[in-house]
Amino acid sequence: MGQQEANSEQDPESAARAILLRQLTDGPKTRAQLERNLAAKKIPEAVAEKVLDRFEEVQLVDDAQFARDWVRSRAQHRGLARHALRRELMQKGVPEQDAEAALAEVDGAAERERGVLLVQRKLRPGIDWADTAEREKQLRRLTSMLVRKGYNPGSAFGIVQEVLQEQQNADA
């Protein structure tokens, strides 16, 4: 039996604190993620609740801040739209009201601009604009890419059509 296991049997609260501090060293986590980690380590539920409540009191665990930071980072660096961000927040166990508050900060115009930039980056050069089949293939491929990033299918289609039209005009 290792030292850490012996400690968890003697003092589950200390063990829970140590587990949480180790988990948070890797980066911010939601309360739900930490609850799952403590349950997996066989920390009694009452002890986990008590320690997590204390961590929230001292703001080491803050689901609302986690949601805001997650949305800002994933929207900016991965180009994800609200729908995909909402799905990720729910998977991480962020309470719905915290998720919605964070998603409300996403600027619709900036989201659309990120979509345009993503399409421009992924657009293959040298499209034969006279070849309708190739144009349709590009339209489907790029629209699918945006939908996977959480864009509404109608919006994604419109963004791709706009970028393809601009590119066709530039190539003409």
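## Helix packing in a predicted model

Helices H2 and H4 cross with a right-handed sense (the near helix is turned clockwise from the far one by less than a right angle). This is a predicted model in which local features need pLDDT of at least 70, side-chain atom pairs count only at pLDDT 80 or more, and totals for chains, interfaces and linings use all residues. Residues are numbered from 1 along each chain as its sequence is written, and side-chain values use heavy atoms, without hydrogens or water.

The axes of H2 and H4 come within 9 Å and cross at roughly 50 degrees. Axes are lines fitted to C-alpha atoms over the stretch in contact, with angles from 0 to 180 degrees between N-to-C directions. Helices are DSSP runs (H or I) of at least four residues, numbered from the N terminus.

Contact means heavy atoms within 4.5 Å.

| H2 | 12-25 | Pro12, Glu13, Ala16, Arg17, Leu20, Leu21, Leu24 |
| H4 | 45-57 | Val47, Lys50, Val51, Leu52, Phe55 |

Pro44 sits in the loop between H3 and H4. Pro44 is partly exposed, at 42% relative accessible area (buried is under 20%, exposed over 50%, partly exposed in between; 1.4 Å probe, protein chains only).

In H7 (residues 96-104), Asp98, Ala99, Ala102 and Leu103 are buried. Their cover includes H5 and H6. Exposed Glu96, Gln97 and Ala104 lie on the face of H7 turned away from its buried side.

Note on methods:
Helix = DSSP H or I, 4+ residues; strand = E, 2+ residues; numbered from the N terminus.
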